[in-house]
Structure formats: structure tokens, C-alpha cells
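Please keep the sequence and the structure in view while reading.

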Amino acid sequence: MPKTNRILEPWEHAAASMVTQEHVWDAILELQRASRATRNQGLLPGCQVTREEAVFIIAEATTEKEIRAGHELFCRYLSPAEVESLERFIPNVQGVLLLGKMTRYRLFLAREKKTGKIVAAHAGFLISMGKCGAVFVGTYAATYDTFRRFGIMRELFICSLIQAAIDAHVREEKLHLVVG
């Protein structure tokens, strides 16, 4: 870990210790190297992305309004059979126990910095496989047509994968596989 005079956040310790331990971090770093965008935060789940003078802010959805906006985007581009109802989606993103079972989705949104408009979204969740580790399942992904040439979905996927690796580490599991 690089020497620093500041106090490190818990996720920084987790990310720094996992970089040399887990193959998923090699995949993340390779995805970042192959990207045509510039990220201002290397191994952070949220970041600012610049490509062709366009700037996007990627962050995890934290409010019901943001969750609704992500769901609306998925409904616009995916078939109704592919998207669960808003009544189920909101609790799943919020991590609320529903029908005795919890699936904690991580929903990342990309906003155009200039307008603040949400232009793309990616959601997924981590499944524990017991002693075998964990699997990240990417469930939903959508980008407005006018923003498809910027590679935003790659950056959202990278953020989701970073978060999944951190979540697996916190749960003391190794992330072995990514599907979706």
C-alpha cells in the first residue's frame, strides 16, 4: 500500500489488501487499462469519468428518487418480463428483507456532469456460494441512446465489480465469478 499521511478509509484497506490476493482485481485493472475513458478514482466504486470532453459522475444510488430513476431507465430499454416491479426493486436496492429473503442489489448511476441527468444505470448483486466463495450477478444495464458511444456501461460495470469485490472481502469471501 502506498505511504500516505492521511487516515485510510476502511474500503481503501480492503481494496489495497485484495489487489495482490484476488484475480478479480486483475480483471478490474485490465478493464480500466482497456477503457478509452479517464477515471479520477482508480479503485473506488464511485468516480468521475471523462471521455471526449464529456464528463460523467458515477455513484451508487442512495435515495428512493435515484432508485426510481434507475428502474425507469431499465423499464425503458428492457422488456417488461426482464424487469421486476418497482415495488420489489426498491426494497432490493435498499437491502430490505422481503418475503424472508434478502437480495441486496447495488445500483450504480452515471450522471452527465453538465446537466445532472442520469444517462445510464447498472445493477447487480452478490450471491454467497458458501465455502466456494461468491458470485456477482449483473442483473440490469441500460444507457440512453444518445450516450451509448461514450463507454459509460463499461465504467458502470467496473464500479459494480469493484463494489462486489469489496463486499465479498467484507463478508470474508472470495469473488470467483461474474455473470450477467
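A residue is called buried when its relative accessible area is under 20%, exposed when that value is over 50%, and partly exposed in between. The model described here is predicted, and it holds ten aromatic pairs.

**The pair Y77 and Y144**

- Y77 and Y144 form an edge-to-face pair, with 6.0 Å from centre to centre and 80° between the planes.
- This pair links distant parts of the chain, since Y77 belongs to helix α3 (residues 64-77) while Y144 lies in the loop between β6 (134-143) and α5 (152-170), 67 residues apart.
- Y144 counts as buried because its relative accessibility is 14%, a value that falls under the 20% cut-off.
- Y77, by contrast, has a relative accessible area of 24% and is therefore partly exposed.
- K117 lies over the face of Y144, at 4.6 Å from the ring centre.

**The pair F89 and Y105**

- The ring centres of F89 and Y105 are 5.8 Å apart and their planes stand at 75°, so this pair is edge-to-face.
- F89 is part of helix α4 (residues 86-94), whereas Y105 sits in the loop between α4 and β4 (106-112), so the pair ties together parts that are 16 residues apart in sequence.
- Both residues of this pair, F89 and Y105, are buried.

**The ring cluster**

- F89 and Y105 also belong to a cluster, linked by ring pairs, that includes F74, F125 and Y140.

Conventions. Residues are numbered from 1 along each chain as its sequence is written. This is a predicted model: local features need pLDDT of at least 70, side-chain atom pairs count only at pLDDT 80 or more; totals for chains, interfaces and linings use all residues. Side-chain values use heavy atoms; hydrogens and water are left out. Rings of Phe, Tyr and Trp (its six-membered ring) pair if their centres lie within 6.5 Å; planes under 30 degrees apart count as stacked, over 60 as edge-to-face and the rest as tilted. Helices (H or I, at least four residues) and strands (E, at least two) are DSSP runs, numbered from the N terminus. Buried means under 20% relative accessible area, exposed over 50%, partly exposed in between (1.4 Å probe, protein chains only). A charge sits over a ring if NZ of Lys or CZ of Arg is within 6 Å of the ring centre and within 35 degrees of the ring normal.
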